Amino acid sequence: MFSFFKKKDTEFYDLFLTSANYFHESALLINKVMSGDNGADAGFLDITEIEHNADAINDKIIDKLNKTFITPIDREDIYALANGLDDGVDFLQGTLQRAMMYHLKETSDAAISLSQLLIKSTTEIVNAFSMLHEVTKHEHEILECTYKISKFESEGDRIYRNEIAYLFENIKDPIELIKWKDVLDYIEDTLDHCEKLSDLLRGVVMKYA
């Protein structure tokens, strides 16, 4: 009986990690598009496939949650973490959707920097979820991941504020300004979302470590 429950516990954590990796893959893709290494149209097709796969993993987690009597952590935490990971991919799909609709041709140093911070943040999210199944053993390592994410989010806020100020001061074409502000808003919102996800992880550590 105990081995049965242990198997179920591992499955939840494995699914979390798979979802976290999809979030990270999306961040890598955003960086390629923002850097001009990949077209927005091709990138949107790729991220749409990732989003479908992430949705399927989220559905598996929720389905397993509905069928599991004893869960390794609180049901509310499982639900929040699963949806938080899935929402992160949705944010980045929305970013690429806008880049494609606006036919963005130029690159932006700020967008590149923000997307690099997304890569760093999602790397730490993957690292944290890879240790979550042994939360007591890896308490300090997981918390260190969350602290780094918070630091990256603060750096992203600074870059975003400076870039928005630059856009309003220097971009004379209002349509071009709106395009870039919308894209930057979505990237920065995704960084904010990473911090919210790290707060959820920190809460789980506080409960179970």
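A: **The contact of H4 with H6**

In helix H4, the residues Ala 110, Ala 111, Leu 114, Ser 115, Leu 117, Leu 118, Ser 121, Thr 122, Ile 125, Ala 128 and Phe 129 meet Trp 180, Leu 184, Ile 187, Thr 190, Leu 191, Cys 194, Leu 197 and Leu 201 of helix H6; contact means heavy atoms within 4.5 Å. By class, this contact of H4 with H6 has 15 nonpolar, four polar and no charged residues. Ala, Val, Leu, Ile, Met, Phe, Trp, Tyr, Cys and Pro count as nonpolar, Asp, Glu, Lys and Arg as charged, and the others, Gly among them, as polar.

The model is predicted: local features need pLDDT of at least 70 and side-chain atom pairs pLDDT 80 or more, while totals for chains, interfaces and linings use all residues. Residues are numbered from 1 along each chain as its sequence is written, and side-chain values use heavy atoms, without hydrogens and water.

H4 covers residues 109-131 and H6 residues 174-208; their axes come within 10 Å and cross at roughly 20 degrees (axes are lines fitted to C-alpha atoms over the stretch in contact, with angles from 0 to 180 degrees between N-to-C directions). H4 and H6 are therefore roughly parallel to each other (under 35 degrees; over 145 is roughly antiparallel). H4 passes H6 in a left-handed crossing, where the near helix is turned anticlockwise from the far one by less than a right angle.

H6 also packs with helix H5 (residues 139-170), at an angle of about 160 degrees and with the axes 9 Å apart. That angle makes H5 roughly antiparallel to H6. The crossing of H5 and H6 is left-handed, and the residues of their contact divide into 16 nonpolar, four polar and 10 charged.

Cys 194 is one of the H6 residues that meet H4. At 0% relative accessibility, Cys 194 counts as buried (under 20% relative accessible area, with a 1.4 Å probe and protein chains only). The sulfur of Cys 194 lies 13 Å from the closest cysteine sulfur, that of Cys 145, which is too far for a bond, since a disulfide is a pair of cysteine sulfur atoms within 2.5 Å. Cys 145 is buried as well, with a relative accessible area of 5%. The structure holds zero disulfides.

Ser 115, on the H4 side of the contact, is also touched by Ile 30, as are Leu 92, Thr 95 and Leu 96, not counting residues up to four places away in sequence. Ile 30 belongs to helix H1 (residues 2-34), and Ile 30 is buried, with a relative accessible area of 0%.

Definitions and conventions. Helices (H or I, at least four residues) and strands (E, at least two) are DSSP runs, numbered from the N terminus. Buried means under 20% relative accessible area, exposed over 50%, partly exposed in between (1.4 Å probe, protein chains only). Angles under 35 degrees count as roughly parallel, over 145 as roughly antiparallel, 65 to 115 as roughly perpendicular and the rest as oblique.
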